[in-house]
Amino acid sequence: LIYFSLWIIVFSKISSLNGWGLREVAFLFSAGALGYGLLFTIFGGLNQIGSMIESGELDIHLARPRPILLMLMLQRLRSDSLGDAITGFVMLAFFVRPPIETWPLLAVLTLTAGIAYFAFRLFCHALVFWGNPSEASENMFIAFLITATNPQNGFAPWVKFLLLSIFPAGYVGLLPVEILRNFSWSDMALQVAGSCGFLLFAVWMFHRGVRRYASGSRMVSLK
């Protein structure tokens, strides 16, 4: 809210920035906060996966006959993330004020923005299996958060390409807003396919890392 209040001050002086006004920036923040908040409230254990891999706590879970990723994510609920979801909803209601007929579209955009956050968070944790320190993975996610919560419509085409491919912050800070402003099925398909595709890639990375981790785990090798 503090960061968004700075944009309120900016747009009190200018009417738009590269075609985006206060409503568009408000949707950028609200969709990301609502999607992030809902997913991270339910799957709050996701935030601890990197440190668990690094400390060796994952050994305990490898011996259990349950899907390891789902079990890790559901082991904790995060009330602070629920606050993010509430903040996003309030911003959506007061600053975006979407008409009722756009609610289904907003639901999809909000969910896919949350999936992009979720997928990159998991991807960062999965890198710990290959020796990336959990602190470095945390810094990667912070960089993603900063990028995702800044308007990206003024970036060069090649930067936008990067934000929709190897660093998928564009599925939070670019495409959802552009779809809301000027809906097109091609952009909508890219938003859904891109965010969900990166999630599948992150899940694949995690399970590949688990197999690598398990092959060197003393606890698992003794069983």
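Predicted model: local features only at pLDDT ≥ 70, side-chain atom pairs only at ≥ 80, totals over all residues.
**Reading helix packing, a surface patch and a salt bridge**

Colleague: Happy to. Which residues make the nonpolar surface patch?

Modeller: Phe94 is one of them, together with Ile8, Leu82, Ile86, Phe89, Val90 and Phe95, and the patch covers about 650 Å². Helix α6, residues 79-96, gives the most to this patch, with six residues.

Colleague: Now the helix pair. How do I read the crossing of α1 and α2?

Modeller: The general idea is to look at the angle between the N-to-C directions, where over 145 degrees counts as roughly antiparallel. Here the axes of α1 (residues 2-13) and α2 (residues 22-42) come within 10 Å and cross at roughly 170°. The two helices are therefore roughly antiparallel to each other.

Colleague: Which residues meet there?

Modeller: From α1 come Tyr3, Phe4, Trp7, Ile8 and Phe11, and from α2 come Leu22, Val25, Ala26 and Phe29. By class, that contact has nine nonpolar residues, no polar and no charged ones.

Colleague: And how many salt bridges does the structure hold?

Modeller: In general, side chains of opposite charge can pair when their charged atoms come close. This structure has three salt bridges. In one of them, Arg181 pairs with Glu24, with the closest N and O atoms 3.9 Å apart. That pair links distant parts of the chain, since Arg181 sits in helix α11 (residues 175-181) and Glu24 in helix α2, 157 residues apart.

Definitions and conventions: Residues numbered from 1 in each chain as written. Heavy atoms only, no water. Axes fitted to C-alpha atoms, helices over the stretch in contact; angles between N-to-C directions. Helix = DSSP H or I, 4+ residues; strand = E, 2+ residues; numbered from the N terminus. Parallel < 35°, antiparallel > 145°, perpendicular 65-115°, else oblique. Contact = heavy atoms within 4.5 Å. Nonpolar A, V, L, I, M, F, W, Y, C, P; charged D, E, K, R; others polar. Patch = residues over 30% accessible without salt bridge, like charges linked within 9 Å, V, L, I, M, F, W, Y side chains within 5 Å. Areas by Shrake-Rupley, 256 points an atom, 1.4 Å probe, with all protein chains shown as cover. Salt bridge = Lys/Arg side-chain N within 4 Å of Asp/Glu carboxyl O.
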